[in-house]
Amino acid sequence: MRNELEGQFAAKGMALGHARVIYSASFDVEEEPLAHGGIPNEVKRFEEALKVARAELAALTDKLSGALARDMAEIIDAHALILDDPEFTDGVVQLIRRETLRATSALRRQRDMLAAAFEAIEDPYLRARRDDLDHVVSRVFAALQRGGAEPERKPKAVDEILICETIAPADLAALVEQGLKGVVATASSPYSHTAILARSFGIVMVCGARAALNVVHDGDLVLLDSEHALVLINPDAIDLSRFRAHQREAEKEERRRAKQRVQEARTRDGHLLSLFVNAEDTETIARARRNGAAGVGLFRTEFLFLRQRELPSEEEQFKVYRDAVIAMAGKPVTFRTLDLGADKAFGGPLEVAREENPALGLRGIRLSLQRKHLFIAQLRAILRASGFGPIRILLPMISAIEEVREARALIEETMADLRRARVPLAEQIPLGVMIEVPAAALISNELARYAEFFAIGSNDLAQYVLAADRNNSQVSLAYDPMHPAFVRLLYLVADSARQAKRPLSVCGEIAGDPRYTPLLIALGISDFSMHLNAINDVRDAAAKLSRKQLRGRLARVLHAGDREELQSALKLLS
């Protein structure tokens with residue numbers, strides 16, 4: 001019998017397949033005390049489980065290829081760092097030795113101690129960090145329970161729809177490689193790292209739909225309609241006819257794009273938009289250039305500090321930045337300086353101390369200005385890359401004008417040193433600031449006197465404004481970029497940029513989501529920076545819109561008092 005469940009949109013499209021239902025694993029924790037004579041063997045047992053978990057991650061890295069490998073590299077490396085983090089591993093060993101706990105009990109205790117530090121914190125990356133910890137702990141638990149046996153080989157996920165509470169990004173990547181068609185994650189958020197990866201992979205995903213695990217069974221035919229946030233179990237003939245029509249239209253659109261020469265992004269009434277790519281490797285940049293990207297709107301430099309055990313040298317950084325500039329072939333590359341804090345850098349080569357609340361702690365520009373030797377080495381590498389093509393420098397986590405002044409002074413001093421050494425540099429290198437903290441948005445008119453351009457980090461700005469973690473499924477409804485307060489703050493920044501004649505871009509998730517394209521154009525924003533896979537969708541969405549009409553209807557959007565009124569006003573913009 002046909003059944004219909006409602007959820008939340010996470011990754012677009014429609015997908016049809018048979019269900020693979022996965023319930024949350026329950027791990028048996030051994031509560032009985034350990035005899036003192038058994039301590040060495042129990043420590044060895046835990047250390048062997050760590051080796052198995054490391055080997056599994058290494059094997060996954062070897063299996064993935066192409067775009068999947070690139071998208072998963074940072075997450076797999078983050079999991080590997082946790083497995084090598086003394087705060088995690090030594091803590092478990094000490095609990096085994098001091099309190100004579102068995103390995104599974106010590107592992108659970110240590111996990112709870114580490115997770116407790118993050119429980120009550122509202123932070124852009126915090127949930128992802130805690131989820132990383134849980135995914136690693138689950139992997140080690142499984143290795144302990146198998147006792148050295150090979151993991152159970154599951155059938156390939158060809159043409160299947162996964163039904164689960166949540167799924168680790170690494171596990172999703174492996175299933176995508178096998179041919180997974182879609183995901184229903186009952187306890188995930190549309191803004192989780194897993195959902196972002198699903199959009200990157202082109203996998204249909206619906207979140208919420210909490211009853212799915214109770215009503216869907218292995219082998220059931222399931223149709224995902226993410227545009228309407230629906231999960232259809234045993235779809236009827238009308239549903240299947242609609243799916244076939246969607247397939248035909250998608251194939252037609254794919255053929256059209258394949259034949260179409262890359263064109264500029266313009267609205268229906270001819271207004272030019274600049275679509276940039278977010279990137280961290282040269283292959284993505286080269287593909288973006290071929291796809292008509294206007295440049296790199298956000299190059300994430302922090303990946304260099306996360307993917308290795310030692311701090312990258314100036315020369316290592318220079319080679320990466322230089323290659324990125326060369327790959328963009330004359331179009332600008334915007335390098336965001338180191339954007340890390342205690343939530344991501346703890347236990348890594350930066351040696352950032354654990355903090356009570358990393359969201360409000362030493363992160364972004366604050367970390368760079370405190371560790372000036374690291375900042376100057378990075379600036380030297382970025383500035384040297386300017387000799388190979390146009391670049392811009394973007395400062396993250398700005399909350400005060402004094403930070404911009406101090407950073408600019410260091411940049412100018414570093415440029416002078418390099419010029420004295422006769423290092424080829426660009427004559428002018430624009431300096432910009434990320435608007436991702438409410439303080440920066442509120443003083444954006446003043447910041448415009450000290451910065452040549454703005455970039456709105458919409459993911460972080462929305463979380464700080466709405467006090468809702470986008471990775472927390474419990475508050476996923478509170479995290480809503482369509483909140484009137486957030487929309488008004490975007491307008492404030494856009495108006496400051498317009499009056500000061502400063503270029504303004506948006507580089508968060510909403511930049512690459514066609515549902516928000518009408519709103520951003522109405523706000524007067526013309527520069528968008530997004531994942532490579534989103535460029536065509538945003539280009540096509542913009543071509544159907546009239547900027548003049550959108551701008552004329554903006555007043556009603558800005559005067560909306562609640563979400564319902566705002567949504568009603570926004571319907572006029574589509």
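Predicted model: local features only at pLDDT ≥ 70, side-chain atom pairs only at ≥ 80, totals over all residues.
1. **Opposite charges.** Side chains of opposite charge can pair when their charged atoms come close. How many salt bridges does the count come to? The count for this model is 30 salt bridges, and the next points walk through a few examples.

2. Begin with Lys-51 and Glu-48, which form a salt bridge with their closest N and O atoms 3.6 Å apart. Where do these two residues lie? Both are in helix 1 (residues 39-63), three residues apart, about one turn of the helix. An α-helix has 3.6 residues a turn, so residues three or four places apart point the same way.

3. **A pair across the sequence.** Now look at Glu-509 and Arg-199, another salt bridge, whose closest N and O atoms are 2.9 Å apart. Glu-509 sits in the loop between strand 16 (504-506) and helix 21 (517-522), while Arg-199 belongs to helix 7 (residues 193-201), so this pair ties together parts that are 310 residues apart in sequence. Glu-509 is partly exposed at 24% relative accessibility, and Arg-199 is partly exposed at 25%.

4. **A buried pair.** Next, find Arg-336 and Glu-302, whose side chains meet in a salt bridge at 2.5 Å, N to O. Arg-336 is in strand 12 (residues 333-336) and Glu-302 is in the loop between strand 11 (296-300) and helix 11 (303-306), so the pair ties together parts 34 residues apart in sequence. Are these residues buried or exposed? Arg-336 is buried, because its relative accessible area is 5%. Glu-302 is buried too, with a relative accessible area of 7%.

5. **A network.** Salt bridges can also be linked together in this model: Arg-2, Glu-4, Asp-236 and Asp-239 form such a network.

6. **A mostly covered helix.** Finally, turn to helix 19 (residues 458-466), where eight of the nine residues are buried. Among them are Ser-458, Asp-460, Leu-461, Tyr-464 and Leu-466. What covers the buried residues of helix 19? The cover includes strand 14 (431-435), helix 17 (438-442), strand 15 (453-456), helix 20 (484-500) and strand 16. Just after helix 19 comes Ala-467, which takes a positive phi of about 55°.

Conventions
Residues numbered from 1 in each chain as written. Heavy atoms only, no water. Salt bridge = Lys/Arg side-chain N within 4 Å of Asp/Glu carboxyl O. Helix = DSSP H or I, 4+ residues; strand = E, 2+ residues; numbered from the N terminus. Buried < 20%, exposed > 50% of the residue type's maximum accessible area, 1.4 Å probe, protein only. Contact = heavy atoms within 4.5 Å.
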